[in-house]
Amino acid sequence: MKQYANWWYGGVISLLLVTVVIALMAGTVWLGPQQLSVALNDHGSQAFVTIFSLRLPRILSSLICGGSLAVAGALFQAVFRNPIADPSILGISSAADFFKLGGAMLLPWLPGRAWLMALLGGFVALVVLTSGRALADPYRLIIVGVALDATFVGLQQLLSSGATQVSHSTFNGSTWLDATTLLVLGVIGLFVALLLAPWANYLKLTDAALKNVGVPVKVIRWSLLLLGMYLATSVTAVVGAIPFVGIVVPNVARRLVGHDYQTVMPFSMLAGAWLMLAADTLGRTIIVPSEISAATMMAVIGGPFVIILLQRGRGLHGMSTR
Amino acid sequence: MECQHVSYQYPHQAAGITDVTGTFPAGQVTTVIGPNGAGKSTVLRLLARQLPVAAGQITLAGKSLGQYTTKELAQQVAMVAQRHQLYDDMTVGEIVGTGRLPYHSLLQTVPAEEVAPYLATTGLTQLVDEHIQNLSGGQQQRVWLAAALAQEPAVLLLDEPTTYLDVHYQQKLMQQLRQLATTGITVIQVLHDINQAFRFSDWLWLIRKGQLVTQGRPDDLRQADLLAQTFQTPIEIVSVPRLGPYIVQVPGD
């Protein structure tokens, strides 16, 4: 853990609390602190309806989504041993999105359809990513991922021309059902991720080195992969594909709190939640009464970040020691 | 540790080893020497079970290597590779801690106090929180050695451990390995430097073209003809004051 890690933890928690309060106040109708307290006491007021029916579920949804995507990114980076691996860049989110749409068209009667189909899509993408030589070559992995992403986005566009339900990847219109679904799925996944964080640390060693110390590499690799996939596709199932959170947050986390995944994971969870909420709040307030989707906001923030990371960082290959 | 008629063939390659039978005396330093591509590293990887034995068997304490579970084997055999790859930053303490994994369940974390003795024996206590890439080659080598020792192995395998070390650290490492052997650890290493091998080993394996030419005590194997035949190069043994017999390669035809 880095020297100032505790300060950064304090910082991100404070930032999170402040942003939640701002997100409660900001919107088409601005609610000041006084109106906020009135709304909390008067359950019949319009302000109460705005906060509890519109803003609170939206805030909760974006917090869970941000935390889930950031932790999913950290998990993928550990497993693929690649600092820019992330469910969006590897095509897992768009595969989940495509399968979700396909499910809506072909299996409308299926209970829990969106989630099950998104999981299936994510799994298909994982199989493609892990079956060839991509695992051994970080650049090949990213290129395969980008191709996979483009393929599924294209397929989705093909399909959506005849579909009634198209994914928008926005928190606009988030209901309490969305929020509670995300909360249940997210909390389970995030809890398991924090529990398994030491496994992500083990994967900093080569497979041969891990076998030498008796670690079942395949078990830990697939457990973490499936967990990351579960977290990312749960978000896609409810909200849609949101890019770059999983790249930006864990990479910043490593800079601030060090490289130990037992610190990186919880920090990413908090910072991811904050980033998603901040992006969504900004997106829905800067051009009131219209709004910019969270996915667009993240693309604008995340794209340049990845470029800087690759142009100035140490690249995708690991480091050699003697 | 023993090899009985052990063979291994790499897929699509000529290299491998054929019908190797030999012993690695317990509590002694055995060095495997031979020309490039002779199969030295293959022997080491077979002993670590990184490669599957195609024919014959390797036994450890009278039990076939294949009968050990991964975890049991990790408690018996540790390997220091020639070159280590890391995919992300790790501190000295974290790396040495991985050596304790064979003694813990997957969900347990290794307590710091468990790592301390191995840091102390390798002189790394002060560097516990240092990132490994900030260390010198010699210090890094010690970190990986400490991680292997943390496995409390009966057999310690080292693949060309002196490659990235200067003369001073090479000597220190060789002496440390001899010291470890006196504590009962069976040390098996691959070395390129023949003189170092003869000087610091109790037992030698001479390998050529995937076959064991011979094995024995250094004093018995220090024969110019035998070495010339193994390495396919003219060799003479000269006497160096204060050092004794020294193997030199001489200009040939």
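Predicted model: local features only at pLDDT ≥ 70, side-chain atom pairs only at ≥ 80, totals over all residues.

Me: Where does A:Ala125 lie, and what does A:Ala125 touch?

Reply: A:Ala125 belongs to helix 5 (residues 113–131) of chain A, where helices (H or I, at least four residues) and strands (E, at least two) are DSSP runs numbered from the N terminus. Leaving aside residues up to four places away in sequence, A:Ala125 touches A:Leu90, A:Gly91, A:Ile92, A:Ala95 and A:Leu148, a contact being a pair of residues whose C-beta atoms, placed from the backbone, lie within 7 Å. A:Ile92 is 33 residues away from A:Ala125 in sequence, yet the C-alpha atoms of the two are 5.4 Å apart in space.

Me: What makes helix 11 of chain A largely enclosed by the rest of the structure?

Reply: Ten of the 13 residues of helix 11 of chain A are buried, and so the helix is largely enclosed; among them are A:Val245, A:Pro250, A:Arg254 and A:Val257. The cover over the buried residues of this helix includes helix 1 (5–25), helix 3 (46–80), helix 12 (261–285) and helix 13 (294–312) of chain A. After helix 11 of chain A comes A:Gly258, with a positive phi near 100°.

Me: How do you know that the span of helix 11 of chain A agrees with its number of residues?

Reply: The expected span of a helix is 1.5 Å times one less than its number of residues. For the 13 residues of helix 11 (residues 245–257) of chain A this should give 18 Å, and because the end C-alpha atoms are 18 Å apart, the two agree.

Me: Why are the buried residues of helix 6 of chain B said to line one face of the helix?

Reply: Helix 6 (residues 167–182) of chain B has 16 residues and reaches 23 Å from its first C-alpha to its last, close to the 22 Å expected. B:Gln170, B:Leu173, B:Met174, B:Leu177, B:Leu180 and B:Ala181 are buried in this helix. Seen down the axis of helix 6 of chain B, these buried residues fall within an arc of 120°, so they line one face; the arc is that of the directions from the helix axis to the C-beta atoms. On the other side of helix 6 of chain B, B:His168, B:Gln175, B:Gln179 and B:Thr182 are exposed.

Me: What makes strand 6 and strand 11 of chain B edge strands?

Reply: Two strands pair if DSSP finds at least two bridges between them. Six strands of chain B form an open sheet in the order 6-8-9-3-10-11, with mixed pairing. Strand 6 (77–80) and strand 11 (211–216) of chain B each have a single partner strand, so one side of each is left without a neighbour in the sheet. Strand 6 and strand 8 of chain B are parallel over four bridges, whereas strand 10 and strand 11 of chain B are antiparallel over five bridges.

Me: Why is strand 10 of chain B called largely enclosed?

Reply: Five of the six residues of strand 10 (residues 203–208) of chain B are buried, so the strand is largely enclosed by the rest of the structure. Four bridges join strand 10 of chain B to strand 3 of chain B in the parallel sense, with B:Trp205 as the bridge partner of B:Val32. On strand 11 of chain B, B:Leu212 stands opposite B:Ile207.

Me: How do you know that strand 4 and strand 5 of chain B pair?

Reply: Strand 4 (residues 55–60) and strand 5 of chain B share two bridges in the antiparallel sense, and the definition of pairing asks for at least two, so they pair. B:Thr59 stands opposite B:Ser64 in strand 5 of chain B.

Conventions: Residues numbered from 1 in each chain as written. Chains lettered and ligands numbered in written order. Buried ≥ 20, exposed ≤ 12 C-beta atoms within 10 Å, placed from the backbone. Contact = placed C-beta atoms within 7 Å.
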